[in-house]
Amino acid sequence: MRGSSALFLTLAVLGLASCGADPVHVDLLSANGRDGGGAVPSYDSLMRIGAAARGGGDLSNALGVYRRASEMDPLNPAPLAAAGDVLLEMGSVNEAIVSYNNALFRNQQYQPALVGLARAFLRTGKPALALDPLGKAYALTPDDPKVLLLFGVAKDFAGEHSEAQAWYRRGLAAAPGDPALTANLALSLALSGDYASAVATLQPVAMAPGGTPQERQTLALIYGLRGNTAEAARLGRIDLDDASVEHNLAYYATLRELSPEARSRAILTPSGPTTS
């Protein structure tokens with residue numbers, strides 16, 4: 001779940017765009033059957049190629065491969081849900097919603113499409129729309145950490161932080177130590193004003209040897225919201241250059257001047273600061 005399911009962690013901090021590796025592009029024309037020679041790739045082969053392209057950051061080719069797989073097996077929801085995931089990663093939220101709905105038209109209980117649709121609705125800033133697919137997904141797999149996390153995100157978007165924290169804790173009971181659930185719980189605690197608990201929750205994960213830049217900079221955000229600019233700056237400099245750190249410190253100062261409701265909206269809305 002680290003990095004893919006924690007919606008907050010894509011919205012919380014600035015300056016990490018240069019941290020990722022360059023995409024690896026897959027030459028689909030080299031696949032048998034594309035140039036008129038050899039066997040036509042099977043459905044399973046196309047799904048593997050699509051996953052490899054997506055994993056390498058070649059989202060455009062991944063999308064094309066998944067769509068070709070759907071043409072080959074038009075009743076199967078899997079390639080449509082996978083295409084929705086790629087579209088969501090590309091920022092094409094409305095197209096992703098269409099793709100997920102097309103998958104659900106083929107199978108109303110297809111869990112990846114239900115979860116993907118909920119994530120897409122959250123990206124639109126309309127948490128109420130996410131509750132229906134999340135409710136269906138929860139009925140199918142009540143202990144799925146991804147579903148429990150997204151319920152928490154929906155509640156945080158709605159300003160219901162106590163309920164959000166209950167969902168995150170339920171997820172952590174199912175997946176102890178999960179970094180995404182831990183980070184979202186910490187940020188939710190900060191949004192509700194419990195900075196001490198937020199720091200205590202996230203610091204062991206963010207500062208562990210396997211901690212990620214997103215986790216460290218989310219911890220910096222929490223310190224910045226608390227008003228501890230010295231610690232926020234120290235954490236910022238672990239991953240960011242001086243200009244980005246100063247930019248973040250100014251952003252934290254702006255957030256502290258807002259009402260709790262406006263502060264939550266500023267941090268959680270997709271139009272806010274991003275890591276990429």
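**Exercise 1.** In this predicted model, helix H2 (residues 59-72) and helix H3 (residues 78-90) pack at an angle of about 160°, their axes lying 8 Å apart. Work out how H2 and H3 are oriented to each other, and describe the contact that H2 and H3 form.

*Solution.* Begin with the angle of about 160° between H2 and H3, and compare it with the cut-off, since angles over 145 degrees count as roughly antiparallel. H2 and H3 are therefore roughly antiparallel to each other. Then list the residues in contact: H2 contributes Leu59, Ala62, Leu63, Tyr66, Arg67, Ala69 and Ser70, while H3 contributes Pro79, Leu80, Ala82, Ala83, Val86, Leu87, Glu89 and Met90. Sorted by class, this contact of H2 with H3 has 12 nonpolar, one polar and two charged residues.

**Exercise 2.** Describe the packing of helix H5 (residues 111-123) with helix H6 (residues 127-140), and find which residues of H5 and H6 meet.

*Solution.* First take the geometry: H5 and H6 pack with their axes 8 Å apart and at an angle of about 160°, which makes H5 roughly antiparallel to H6. Third, look at the residues, where Gln111, Leu114, Val115, Leu117, Ala118, Phe121 and Leu122 of H5 meet Pro127, Leu129, Ala130, Pro133, Leu134, Lys136, Ala137 and Leu140 of H6. Finally, a count by class gives 13 nonpolar, one polar and one charged residues in the contact of H5 with H6.

Notes. Residues numbered from 1 in each chain as written. Predicted model: local features only at pLDDT ≥ 70, side-chain atom pairs only at ≥ 80, totals over all residues. Heavy atoms only, no water. Axes fitted to C-alpha atoms, helices over the stretch in contact; angles between N-to-C directions. Helix = DSSP H or I, 4+ residues; strand = E, 2+ residues; numbered from the N terminus. Parallel < 35°, antiparallel > 145°, perpendicular 65-115°, else oblique. Contact = heavy atoms within 4.5 Å. Nonpolar A, V, L, I, M, F, W, Y, C, P; charged D, E, K, R; others polar.
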